[in-house]
There are 2 protein chains.
Amino acid sequence: MPAERSDAARNRERILSAAAELFDREGVAHVSMARIAESAGVGKGTVFRRFADRTGLIEAVLEPRVARLRTALTEGTPPLGPGAEPAEALAAFLDALFEFAWENRALNRAFEHLGPDAYYANPVCQFWIAELRARIAAVNPGIDADYFAHALFTAMRADIMDYLLSTRGMDKERIRAGIERLAGSVQR
Amino acid sequence: MPAERSDAARNRERILSAAAELFDREGVAHVSMARIAESAGVGKGTVFRRFADRTGLIEAVLEPRVARLRTALTEGTPPLGPGAEPAEALAAFLDALFEFAWENRALNRAFEHLGPDAYYANPVCQFWIAELRARIAAVNPGIDADYFAHALFTAMRADIMDYLLSTRGMDKERIRAGIERLAGSVQR
DNA sequence: GCCGAAGCGGACCGACGGTCCAGTTATACC
DNA sequence: GGTATAACTGGACCGTCGGTCCGCTTCGGC
């Protein structure tokens, strides 16, 4: 597979940064593919050539932020990285995942909107959920770790957190505290 | 406001039953307004005259099922109806709400898809959440009942339950058990 | 400088939710 | 029974969307 041509690479960057800016400024749901193309100064066909479809583009915008957390998990220092005592490892991961989910609410909303199969089954979410399941099982081997991993992951969905923030007037720390208490139910 | 004309009432029933059947058989997301009209044997304009928009039609299909549970809550016998001891009242409501959410997964999926503001803020969900909040607060006045009401309600979303069922192979009782344990975290 | 492959852009497509309005029909009143 | 009228009807129509297609342009190895 030959390397990307220079004009193609330039357009990829233009599209990614235009998309990131529009998504951030106006909310993912309100930005059409045509507007991204226009704002990036390319044709719509070019956008679909670089990123197979809308989902692919959103994934590509999210990717660098995902990579940071994933690296901290697999290669970082304890308690987030490997080697910590189980309860601390779970608490650290929950906290890091919460921060990630909070920061990237806008993008995550778009994924959630694709439907549960596309959302929960997408590779990034699968990775978070698998990690969560493993850390839960390490804390309490007798529990239904698979269910609780999904339940805690669901509690960090962008749509519910956005609603609690904007309509119910809760703040970030109140939501974090709730999730932590919820996570307490996995203890023996 | 004069009563509905007889032809209008007949068409309302036709549309409702056609919609209920199609939603049930093919999943709400895959049924367009045009197909409902066709299947009911009326024009598309008629559908939009009876039910303001897609959301209104879905609400109307769900309404009778909502009414049954609401009545049991406000006028039924304890522990679901008023008068029971707090912990039992909460457990009974959680169980009834779970049954309701499970039975009506297909319709609820459609609401969830409208976005968090339309979903959580719609009158039916508001009622469930308010009831949940009151029963949680009765069990443990010191807890953030508003957050936990939303969190437990979220655990019963149709999209997550559908995913756990069809893709993760969990069954109804396993999910119910998980939610019950999650609900344990509201105890003092 | 030549040439084939890769990239480009915007006209085009089908599907959707929702609107409009000219023609039709039920009903209240005489 | 006849008539006036307000409500109802249906399907053509609209704007928007994600996604495709393809004739033309540009890049980069030779």
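Chain A can be laid on chain B by a turn of 180 degrees and a shift of 0.0 Å along the axis, with an RMSD of 0.0 Å. The two copies are thus related as by a two-fold rotation axis. In chain A, the C-alpha of A:Ser185 is the one nearest that axis, at 2.7 Å from it. Both copies use the same surface, since 100% of the contact residues of chain A recur in chain B. The model is predicted. Chain A has eleven helices and zero strands.

**Symmetry in general terms**

- Two copies of a chain are related by a rotation about an axis and a shift along it.
- Here the rotation is 180 degrees and the shift along the axis is 0.0 Å.

**Fold and dimensions of chain A**

- Read along the sequence, chain A runs α-α-α-α-α-α-α-α-α-α-α.
- The C-alpha trace of chain A spans about 55 × 45 × 25 Å along its principal axes.
- Chain A has 188 residues, of which 47% count as buried.
- Among the contacts in chain A with a separation of 6 or more, 65% come from residues 24 or more positions apart.

**Surface and charge of chain A**

- Chain A carries 24 positive and 26 negative side chains.
- The centres of the positive and negative sets lie 5 Å apart.

**Cis peptide bonds**

- Most peptide bonds are trans.
- The bond from A:Pro78 to A:Pro79 is cis, with omega near 5 degrees.
- A:Pro79 sits in the loop between α4 (54–75) and α5 (86–103) of chain A.
- In chain B, the bond from B:Pro78 to B:Pro79 is cis, with omega near 5 degrees.
- B:Pro79 is placed in the loop between α4 (54–75) and α5 (86–103) of chain B.

- Over all chains, the structure holds zero disulfides.
- A:Cys125 has 6% relative accessibility and therefore counts as buried, the cut-off being under 20%.
- B:Cys125 has 7% relative accessibility, so B:Cys125 counts as buried by that cut-off.

**A:Arg109, in helix α6**

- A:Arg109 belongs to helix α6 of chain A, which covers residues 105–112.
- With 31% relative accessibility, A:Arg109 counts as partly exposed, because this value falls between the cut-offs of 20% and 50%.
- Leaving aside residues up to four places away in sequence, A:Arg109 touches A:Ala158, A:Asp159 and A:Asp162 in chain A, and B:Pro116 in chain B.
- A:Arg109 and A:Val28 are 81 residues apart along the chain, while their C-alpha atoms are separated by 7.7 Å.

**A:Ser166, in helix α10**

- A:Ser166 lies in helix α10 of chain A, made up of residues 158–166.
- The relative accessibility of A:Ser166 is 56%, which is over 50%, so this residue counts as exposed.
- A:Ser166 and A:Met156 are ten residues apart along the chain, and 15 Å separates their C-alpha atoms.

**A:Ala29, between α1 and α2**

- A:Ala29 is found in the loop between α1 (6–26) and α2 (33–40) of chain A.
- At 71% relative accessibility, A:Ala29 is over the 50% cut-off and therefore counts as exposed.
- A:Ala29 and A:Ala87 are 58 residues apart along the chain, with 38 Å between their C-alpha atoms.

Key:
Residues numbered from 1 in each chain as written. Chains lettered and ligands numbered in written order. Predicted model: local features only at pLDDT ≥ 70, side-chain atom pairs only at ≥ 80, totals over all residues. Heavy atoms only, no water. Helix = DSSP H or I, 4+ residues; strand = E, 2+ residues; numbered from the N terminus. Buried < 20%, exposed > 50% of the residue type's maximum accessible area, 1.4 Å probe, protein only. Contact = heavy atoms within 4.5 Å. Lys, Arg positive; Asp, Glu negative; His and termini not counted. Charge placed at Lys NZ, Arg CZ, Asp CG, Glu CD. Least-squares fit on C-alpha atoms with pLDDT ≥ 70 in both. Disulfide = S-S within 2.5 Å.
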